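Subject: Structure for you, with notes

Hello,

Here is the structure I promised to pass on. Please open it first, and then read my notes below alongside it.

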Amino acid sequence: MNRKAFIQNFSLLSAGAIAAPSLLTRVFQEGPFYPLRNGAGYFTGRGGTIGWFVTDDAIVVIDSQFRNSAEEFISGITTYGNGPTRFLFNTHHHGDHVSGNGAFAESDYRIIAHQNVPELQQQASQGNDEVIPSASITFEDEFSIDAGDEQITAKYYGNAHTGGDSVIWFSNSNIAHMGDLVFNRWYPFIDRPGGASVRGWITLLETVADEADSDTLFIFGHGNSDFGVTGDRSDVLYMRDFLAKLIEHTEAGLAAGLSREEITSVNQFEEFPNHQSAGSRLSLPANLSVVYDELTADE
Ligand SMILES: [Zn+2]
């Protein structure tokens, strides 16, 4: 359950007729740490979902959210495991995934990301007062860590949500952290200045779905309150289908000679009734506008 879901459920309970004390207690006790299987889990807090894996030897973390929630995570994770070897992967450079990096660095986590991430992070943070550390270990195609009987591998598949996204695979647990490559039933942020490619993103999701199997558990950077931040291969392909629909709609509009305004003035596709928007930036018109730019830039 993400934070928004928690707030919604809580206000539902407060306002509604079913404020049973036991249910209230249960809601309060849920999260932000959610164990999944084999020492792996996720943490909601604030920002992009954190993934984690603990053994007696190591703590491996995916994404750092913001300083406050990072500090809450760093102290709370020791309930699950307190191994001395510590790694933090950044799935990409966006602020809601890297702004807690300083807290992790101060706690002796070594930070790993795709080789494009430090520069993208620096470009995106120009003008900010606080300097947030970037990855000190970078890789071109993939990078693996062995931790106990688990192998954790970050893989780069090309431009998609940004120009530096990784998928982090936990091979033994059969879990994959998708960063922002899946916004689960939420209109995604598509960072074209940061290297996004919607067509690349579609290919990536197909490749990842092929590499997964029916038991693979996925952790998503963001999800709406009804569908949450975990899912399976079908949710990855649903995101692929949504992105393909963005392309199809925009190509059809261009072929019919429609203007940008005409192409982008649609608030919901009927095939995707569960998608939610979060302000004008994370909305269907915003998504279509980016796709319009991508498709017309080729001409
Ligand atoms: Zn992002």
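Let me start with a histidine: His93 touches Val98, Val117, Leu120, Gln121, Ala124, Thr162, Asp191 and Gly194, leaving out residues up to four places away in sequence. Contact here means heavy atoms within 4.5 Å. His93 sits in the loop between strand S5 (85-89) and helix H4 (95-98), and at 4% relative accessibility it counts as buried. For that word the cut-offs are under 20% relative accessible area for buried, over 50% for exposed and partly exposed in between, with a 1.4 Å probe and protein chains only. Helices (H or I, at least four residues) and strands (E, at least two) are DSSP runs, numbered from the N terminus.

A word on what you are looking at. This is a predicted model, in which local features need pLDDT of at least 70 and side-chain atom pairs count only at pLDDT 80 or more, while totals for chains, interfaces and linings use all residues. Residues are numbered from 1 along each chain as its sequence is written, and side-chain values use heavy atoms, with hydrogens and water left out.

Now the overall picture. The protein has ten helices and 15 strands, and 51% of its 299 residues count as buried. Among contacts between residues at least 6 apart in sequence, 64% join residues at least 24 apart.

On the H8 side the contact includes Phe242, Leu246 and Leu254, and on the H10 side it includes Leu288, Val291 and Leu295. The residues of this contact divide into nine nonpolar, four polar and one charged.

The largest nonpolar core has 34 residues, of which Met178, Leu205, Leu243 and Leu246 touch the most other members. By core I mean a set of buried Ala, Val, Leu, Ile, Met, Phe, Trp, Tyr and Cys residues joined through side-chain atoms within 4.5 Å. Strand S10 (166-170), helix H7 (198-211), H8 and H10 each supply at least two residues of this core, and H8 gives the most, with seven. Leaving aside neighbours within four places in sequence, Leu205 is in contact with residues including Met178, Val236, Met239 and Leu243.

Thr216 lies in the loop between H7 and strand S13 (217-219) and has a relative accessible area of 2%. Its side chain makes a polar contact with the side chain of Asn174 at 2.8 Å. Such a contact is a pair of N or O atoms within 3.5 Å; within protein, one must be able to donate a hydrogen and the other to accept it, and residues adjacent in sequence count only if both atoms are side-chain atoms. The backbone nitrogen of Asp213 lies 2.9 Å from a polar atom of the Thr216 side chain.

Phe183, in strand S12 (residues 183-184), is buried at 4% relative accessible area. The C-alpha atoms of Phe183 and His222 are separated by 5.0 Å, although the two are 39 residues apart along the chain.

Best wishes

Technical notes. Ala, Val, Leu, Ile, Met, Phe, Trp, Tyr, Cys and Pro count as nonpolar, Asp, Glu, Lys and Arg as charged, and the others, Gly among them, as polar.
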